[in-house]
Amino acid sequence: MKKIIILSLIFIFYSNISHSLIKVDITRGNLDPLPVAISPLHVDVKSENIEDLKVKELGEKISEIVEKNFRSTGLFNPLEKDAFVQKPDIAHLKPRFEDWRLIKAQALVTGKILVKDGKLKVEFRLWDLTASKEILALAFTTTPSNWRRVAHIISDKIYERLTGESGYFDTRIIYVAENGPKTNRIKKLAIMDQDGANTKYLTLGNELVLTPRFNQSNQLVTYLSYFRNLPRVYLLDIETGIQEVVGNFPGMTFAPRFSPDGKKIIMSFAKDGNSDIYTMNLDTREVEKITEHSSIDTSPSYSPDGKYICFNSDRSGLQQIYVMKSDGSNVKRISFGKGLYGTPVWSPRGDLIAFTKVSKGRFYIGVMRPDGTGERLLTENFYQEAPSWSPNGRVLIFYRETKSGPKGKGFSAKLWSIDITGYNERKIRTETDASDPSWSSLLSN
Amino acid sequence: MTKSLIYSIIFHSLMVLLTVLTLPFMIRQPIDLPPIVSVELIQISDKTNIPYAPKARKVIEKVKKEEKRVVSEQAPPSAKAKEKPDRIPMPEEEKEEKKLVKKKQNQEEIKPEIRQSSEFEKKEIINTNEIAALIDKAKEEKALKETTKSELTQSSVKNSFATGLTLSEEDALRAQIFSCWSVPLGLPYDNNLLVRIKLQLKKDGTILKSEILDHERMNKPGQSFYKILAESALRAVRICQPLKVPPTGYNNWKDIQLNFDPTEMLRG
């Protein structure tokens, strides 16, 4: 009896082994950009003609913008159109997957345009070429003059479907446009699309303007302006162009910023010779003191949930970054590295805080977790500061100044962007010199 | 009578157990349904263009006439597309680099007695003691190599015994998939994002059937990251096929499970 049981057990043991599944752990992959084919959008022959807009070229133009957006991320590699194997109209109906795979594309974007009754209808599809199936299909209707925005929205939707996080293409950047010699700069507020198109100036340049910041709805901008050498905090409605003075503040005032719910402005200003952090309720105009310390506390920024505030302070002797609750309690130092830390900005994802660091005369843009761990310096230069987050928390925009020669010659200030991985550093072209950028949230939300 | 009944029960239950464990058709394969794709119609607001500041309009138009308009586009991507990223190395990375340089230097410091000599130099070697010493050394090295080889074989057997692939075969397969897998870098690193894919392979390494083991998670709300990762993993195995599999032992590796875990890469 015993023998039978033992033999049976041995048999079970061996039969299990012979059929045990081979398991292989894959913990690494490549970081090469994903090869994507973006076919020009097919323009329907029934489309009407519209003044000031070449409808026939619209399909090509939209696909070019999508391509540029994708290339700028560093995560995608849009393939050359010369290698495309199918006409746009046929590809949009049913792509020949095996042919597209031959040109090493892993995803394909196709689309169709129709202009009818003064409306632009754009339809697009995203195809997974390895799985030979459609993975996204959307259609938009809008006024034809909005065609650039449609291209950005298409880019956002594809980006989201392929990476898992929301895009940042249908957004705007507000910044300070600068002109003239370094000693006598004319500074105007300017706004443009994230790709540098559609630049518009919002102020005349007769007053010094600083640190513009969007609110969550992208409708309002708060900024600092010096009128007769007195700092004033303004609110500007970018749709109507109406400006409003929120208040005159004594002494040095810095970087007003909206709370996540848009009901308050947080800033720092000097009162009785001491800089502290204050909030102002936009409905009641009541000012509340948040920090109470003999040191200089500046650059406050809310966490996305509005529960915490990060700021910089020299209360430890050197300028470092601190985090506190939004009522000013529980102040905790989070940066401990050598050098000075400033301009902390909380990521919209809430997982990181971006900052400027000055060490041994060089300027760094870096990120760290809200508890101060995982500090990473992303880029280093002669002078750079004021990082601002893209709405998905993946890219930082900041400005960089060059060394000026004698009499301020050769000086320039430009906007740059960098991925939080430290890859894909890019110069963003602006019509003039630029500083103090602020990235809006997604317009299509 | 009771004894034989007990024997019969034990024997039959063993047989049932064996059948469940060994016959693959007893395990029902879940159906891999394609995700439902919907077409969403979105109306974009007509009023989206920002007007110029009323006062600024005239001045801007005047300035625009005077100045030539600078083309405003993003920096051309081709200039930096394949450049080495301009990232600041962390102190640890610097240390690693230093170590690497040192290694190279050491390689150059080869002791004269083990330096390989050319055919001409060999002719000049006349010291028989040195030759004997060299022979002895060669023997020692050979013995050492054999020991290492036998150790390797033992571990390979051990791995083969456990998984059906030797270590080197498993490494080759892993390396092949590494090169095909484009990790979606937008994924959060703090979520549990392990994707397990079961593959049924043909003898030539092409894929007969692929199945995501936790496929029901793909269509759950709030699991979009998992779906993206699973799709990228499936793309990787499809691009990589035929997979590098051993020429023999098909029954051992015809079913294989790949566990895709991007956490290490996403943490950076």
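Tutor: Begin with pLDDT, the predictor's confidence in each residue, on a scale from 0 to 100. You need that score here because this is a predicted model.

Student: What is the average pLDDT of chain B, then?

Tutor: Chain B averages 66, and 45% of its residues score at least 70. Within chain B, residues 31-38 fall below 50, and this stretch has nine contacts in the model beyond near neighbours in sequence. Residues 144-162 of chain B are also below 50, again with nine contacts beyond near neighbours in sequence.

Student: How should I treat such stretches?

Tutor: Where pLDDT is low, the predicted coordinates should not be read in detail.

Student: And what is the mean pLDDT of chain A?

Tutor: For chain A the mean is 89, with 95% of the residues at 70 or more. Among the elements of chain A, helix H1 (residues 2-19) has the lowest mean pLDDT, 60, while strand E21 (residues 320-325) has the highest, 97. As for scores of the model as a whole, ipTM is 0.73 and pTM is 0.73.

Student: Next, the overall build. How many helices and strands does chain A have?

Tutor: Chain A has five helices and 31 strands. Its C-alpha trace spans about 90 × 80 × 50 Å along the principal axes. Chain B, for its part, has nine helices and four strands, and its pattern along the sequence reads α-β-α-α-α-α-α-β-β-α-α-β-α.

Student: What share of each chain counts as buried?

Tutor: In chain A, 50% of the 445 residues count as buried. In chain B, buried residues make up 15% of 268.

Student: Let me try single residues. Why does A:Thr163 count as buried?

Tutor: Count the C-beta atoms around the residue: 20 or more others within 10 Å make it buried. A:Thr163 has 22, so it is buried. This residue lies in helix H5 (residues 147-163) of chain A.

Student: Which residues does A:Thr163 touch?

Tutor: Leaving out residues up to four places away in sequence, A:Thr163 touches A:Leu75 as well as B:Pro184, B:Leu185, B:Gly186 and B:Ile228. A:Leu75 is 88 residues away in sequence, yet the two C-alpha atoms are 8.9 Å apart.

Student: How many C-beta neighbours does A:Ala137 have?

Tutor: A:Ala137 has 17 inside 10 Å, so it counts as partly exposed. You will find A:Ala137 in strand E7 (residues 133-142) of chain A. The C-alpha atom of A:Ala137 is 16 Å from that of A:Pro40, which sits 97 residues away along the chain.

Student: Finally, helix packing. At what angle do helices H6 and H7 of chain B pack?

Tutor: Helix H6 (residues 167-180) and helix H7 (residues 224-240) of chain B pack at about 115°, with axes 8 Å apart. Angles from 65 to 115 degrees count as roughly perpendicular, so H6(B) is roughly perpendicular to H7(B). Their crossing is right-handed.

Student: Which residues meet there?

Tutor: From H6(B), B:Gln176, B:Ile177 and B:Cys180 meet B:Ala236, B:Val237, B:Ile239 and B:Cys240 of H7(B). The residues of this contact comprise six nonpolar, one polar and no charged.

How values were computed. Residues numbered from 1 in each chain as written. Chains lettered and ligands numbered in written order. Predicted model: local features only at pLDDT ≥ 70, side-chain atom pairs only at ≥ 80, totals over all residues. Contact = placed C-beta atoms within 7 Å. Helix = DSSP H or I, 4+ residues; strand = E, 2+ residues; numbered from the N terminus. Buried ≥ 20, exposed ≤ 12 C-beta atoms within 10 Å, placed from the backbone. Axes fitted to C-alpha atoms, helices over the stretch in contact; angles between N-to-C directions. Parallel < 35°, antiparallel > 145°, perpendicular 65-115°, else oblique. Left-handed = near helix turned anticlockwise from the far one by under 90°. Nonpolar A, V, L, I, M, F, W, Y, C, P; charged D, E, K, R; others polar.
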